[in-house]
4 protein chains.
Amino acid sequence: MIAVLKKGTTQAQMEHLIAWLRAQNLDVHVSQGEDYTVLGLIGDTGKVDMELLGSLDIVESVKRVTESFKQCNRQFHPDDTVISVGEAKIGGGHFAMIAGPCSVENEDQIIGVAQAVKSAGAQFLRGGAFKPRTSPYDFQGLGAEGIRLLLEAKRATGLPIVTEIMNINALDLFAEIDVIQVGARNMQNFDLLKELGKTDKPILLKRGLANTLKEFLMSAEYIMSEGNQNVILCERGIRTFDTYARNTLDLTVVPMIHELSHLPVVVDPSHATGKIKLIPPMAMAAVACGADGVMLEVHNDPIHALCDGAQSLKPDQFAALAGKMRIIREAIQ
Amino acid sequence: MIAVLKKGTTQAQMEHLIAWLRAQNLDVHVSQGEDYTVLGLIGDTGKVDMELLGSLDIVESVKRVTESFKQCNRQFHPDDTVISVGEAKIGGGHFAMIAGPCSVENEDQIIGVAQAVKSAGAQFLRGGAFKPRTSPYDFQGLGAEGIRLLLEAKRATGLPIVTEIMNINALDLFAEIDVIQVGARNMQNFDLLKELGKTDKPILLKRGLANTLKEFLMSAEYIMSEGNQNVILCERGIRTFDTYARNTLDLTVVPMIHELSHLPVVVDPSHATGKIKLIPPMAMAAVACGADGVMLEVHNDPIHALCDGAQSLKPDQFAALAGKMRIIREAIQ
Amino acid sequence: MIAVLKKGTTQAQMEHLIAWLRAQNLDVHVSQGEDYTVLGLIGDTGKVDMELLGSLDIVESVKRVTESFKQCNRQFHPDDTVISVGEAKIGGGHFAMIAGPCSVENEDQIIGVAQAVKSAGAQFLRGGAFKPRTSPYDFQGLGAEGIRLLLEAKRATGLPIVTEIMNINALDLFAEIDVIQVGARNMQNFDLLKELGKTDKPILLKRGLANTLKEFLMSAEYIMSEGNQNVILCERGIRTFDTYARNTLDLTVVPMIHELSHLPVVVDPSHATGKIKLIPPMAMAAVACGADGVMLEVHNDPIHALCDGAQSLKPDQFAALAGKMRIIREAIQ
Amino acid sequence: MIAVLKKGTTQAQMEHLIAWLRAQNLDVHVSQGEDYTVLGLIGDTGKVDMELLGSLDIVESVKRVTESFKQCNRQFHPDDTVISVGEAKIGGGHFAMIAGPCSVENEDQIIGVAQAVKSAGAQFLRGGAFKPRTSPYDFQGLGAEGIRLLLEAKRATGLPIVTEIMNINALDLFAEIDVIQVGARNMQNFDLLKELGKTDKPILLKRGLANTLKEFLMSAEYIMSEGNQNVILCERGIRTFDTYARNTLDLTVVPMIHELSHLPVVVDPSHATGKIKLIPPMAMAAVACGADGVMLEVHNDPIHALCDGAQSLKPDQFAALAGKMRIIREAIQ
């Protein structure tokens, strides 16, 4: 960490600050320029309150030199992490398609969609049992019954299951679930992340609506610092000033995450765009910029879906898209 | 709810849509114009999937006519809600100052600050025991011990306590706490909101970093729909493109909330700005636009605070500010 | 346009409003529901002040049914617009690569880069002569001399030239320039747009940093409404809360523009990302979602470039990327 | 300027970089830590391309130590700038109310409003003659005739006039105008700013919809660097994700500008909020946080105003508000 002192700082003020820093077990290296003095802080700077330091009258600015994320940092772990679930793999050159309905509705629906997406090449089945909704008066998902139906679909097709958890007290219900999803609204529900970090389940962590890339990686770090290294990152659109689509899909995070971290990153164009005509082009764009997978809503009868039908592909649309994604995936290798 | 159909929609298409809507127990009122047809939907439209409806090929756009928030809506509850805790009151003409340190550190600190803010006129003591931090490696608060120390301060000064909950499983620890705070990152942790809705404690609900005013009110609705009507809303800055302050304090929500809802709204300029020189002017601005209270960080020794010292006033700064706020409060009556 | 009246509006109030609307030469069609009354306004509603109407006490909300953009609207012009400059074409199935340095520096540089990008397959040469810079103390471009050098490069290679105008009074200098660029900061410099609308030059209009898609299309409309139909839209990143890249590239506008408008749309990943490692993946993603072209900064000696070197590809990097883009372009047909 | 080199940078790489920096007439001061090396760059670092430097493989990060704004910087000009127009003053303890209609419509209207706002205490008359509108089909203002009518109102009341310029070629029309306004959409129309910098008229510069505070100050710097020191800054709301008001009024810039700059800052709550009920509370908040003035739309017949009526106060509402603002202004002294 580097602190730049203001012009006009007295020797006494500087020494007082250095004493305070040393009391926090830091080594301080002073570099005096003509116009300013730079303090280099060495040691466990993670504990230093940058904002407090930066707010002091004599301090011009403060800057971290090293990133505060460690376990997900590619610098300390150069090889790509590969998440394996049975035969399905995500990351390190393995591309995965995760497909299924927004919400689980009934046995026919979920098994029907599971069979359809499997035959179109999907490696994972997704489906919501616990649904975070802005309004308490909206459909909240089938809950435990939804989990039971997903496991039926798993038995029927062999597809591993991805589904969302909203409350750590429901963890027992997820014993046979293959990948636990943390939704965007819970990306900084730190207590939930810590508890999931104590399991060994793969966690699909969605980026929060207004969270920076660094915060996203720090949330992965919450899971990993408790021992669970199986984290899949998922970009699903951020909130900006424009509203022509539901959110603004920030695809540039894909190559940026690959630069900063060894974790795999998948993209969810269904939730990001919310409009069926935008989904295939954005899914192809996700593949083209190097995503390790895509997550797509597929429904066999969109008009009757209980929620999110506007963003669900039909099985044949999904199959056609899957074919194009495979060609692009090969083109960029 | 109103759905506008596209020019060129056939009679058969329209009838098919109307049948589908009626199957959802809605009455449909058709109004045919020259260039478009408008369907008025009457009944429990809260269950209608606006996005699905809007995504249909023949539908130009969909619009809700009535707001989906009910219990916090001023239309159905014209009188201001007043939250009372002992002698302290917030809302309906009662202005409250909530002050205290960012984190509880030790008994001397919390009791010292409590006495100082009380003598400067604060009606509530705030202090963090459970701290949401972006990094798992940062100080996470004293936890249960912090709660114990807050209750010591309550006994010493009589001030009611406001402190944050991060995990519903910790609720037992909050039995003697007066006002439970839900932090910005948990504003859409719906399971937490529902559980708090089953208690009768006043809840101070902070607006999420990137949540709209409507989402904010819907989160209050989550608490209220479970039975707990004691909700205090708190504006604490939103995330925008600019970074000169920590967040962008959106003071205009104060008069807007007073228009839409009967709930009291307080403002937290300390977290919003993160810079000590910006806090007094923004606290005064909050009063001037009608806030029912302000929440301020006060510390007796900012440079040694474990966190957020940069935004903590000293007791004498708080006392001076409190005096000016009282004058402005009178001026706007 | 539709206006929804509030419950409780009296007959007299409604009649007064209708009289006011009719005085604005509108037909008003009344549709009375149980809970609300809907007024359908027919005629030249473009002149109606929606905000004034929406602010009236008896009006719940106002909604435009038809878009206010006409000339760039695909509804009224179903076929793709193709912009032709000599043999180069953009739009309607024609994909164009526009490449060149950020700033024109000297004759050797611009001719060298022009030859390099031409041999790698670029159809247009770009280069800045007039440079919009945040600070008045930064390099502002070579101006007229830069234009002269660009025309030298055109003579040497035959490549048509794309360069930015900042001031309509400089228009004479652009007589031999093939495509005039309007930068993001001038997207709503309406007087400049109108003057360019009186020329017959193709205009490459960049989206403003914080402009919605609708505002972007309305700015194209400013040019077209004066007679010039040759507009190329350019997405170059928007401003959001995150800062890991210079801007947030909003690729989803590409398929959305293709839905709403017949104008071609190109993508500039160099300015959007500002980081050389992010440019190739985002250029490929732009192709994958259907962009009609990409605009890329290429420099033969990035470290000595006077500005923006951080985002300039070398000619061999550009050539390798061009090859991959061609494969993806074929895959998505 | 400080550049931090990455761990693992070789001596040869560092020397190559230092040579390149010295070739740009900079002194380089090397400070070697255990984990990183810091280069302190001394000299005219305004010319250094920070992005290029930061993009080099061996460079971890780059940071400016001194701000790039000079003439508007309080560090180099500690006393408040006071803008004087006749007897009216803004800044340095002088508070000004600028009031008038959105658009000039006719002589009766503008003189009527001018008399009304004068008697309520306004020091300046505002009114739009040239109107920037998102759509080319919307009313664009009376133009030269509007200017003529404003000057009639000035003759009738003695109030100095504030009105917007959109095109430097119209400057002659502004010869008798007292304060020239630059609108939000032209905040980075650098050629316009430079030309206005060559005049000696006070310029009221509005903040762009999505411009940072630093960019705002740099745009003032464009005017000042050409010689014109008479700049008034105006906050009028920024664009964020929320839409309950037209824009998000960022009042915190007021105390922040007072910290960084000696220029006066006024606030325009009419355009920022777009809703009449929000204007008085936000105007009072602007005063409470220290604004040097407010700019308010006042109209004698809002329902017939050609534009923006939704945000226009009536004269008696303005007079009542003016009284409250005076009390708050006194309270904060």
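1. In this predicted model, C:F190 and C:Y222 are both buried.

2. Over all chains, the structure holds 8 aromatic pairs. One of them is formed by B:F130 and B:F174, and it is likewise described as stacked, at 6.2 Å centre to centre and 25° between the planes. B:F130 lies in the loop between β8 (124-126) and α4 (144-157) of chain B, while B:F174 lies in the loop between β9 and β10 of that chain; the pair therefore ties together parts 44 residues apart in sequence. Both B:F130 and B:F174 are buried.

3. In chain B, 8 strands close into a barrel, in the order β7-β8-β9-β10-β11-β12-β13-β14, with parallel pairing. From one strand to the next, the twist averages 30°.

4. B:E164 stands opposite B:Q181 in β10(B).

5. Two helices of chain B may be noted against the sheet. Helix α5 (residues 190-197) of chain B packs on it, touching β9, β10 and β11 (203-206), and its direction makes about 165° with that of β10(B). Helix α7 (residues 253-260) of chain B also packs on the sheet, where it touches β12 (231-235) and β13 (265-267); the direction of α7 makes about 170° with that of β13(B).

Conventions: Residues numbered from 1 in each chain as written. Chains lettered and ligands numbered in written order. Predicted model: local features only at pLDDT ≥ 70, side-chain atom pairs only at ≥ 80, totals over all residues. Heavy atoms only, no water. Pairing = 2+ DSSP bridges. Helix = DSSP H or I, 4+ residues; strand = E, 2+ residues; numbered from the N terminus. Axes fitted to C-alpha atoms, helices over the stretch in contact; angles between N-to-C directions. Contact = heavy atoms within 4.5 Å. Phe/Tyr/Trp six-rings, centres within 6.5 Å; stacked < 30°, edge-to-face > 60°. Buried < 20%, exposed > 50% of the residue type's maximum accessible area, 1.4 Å probe, protein only.
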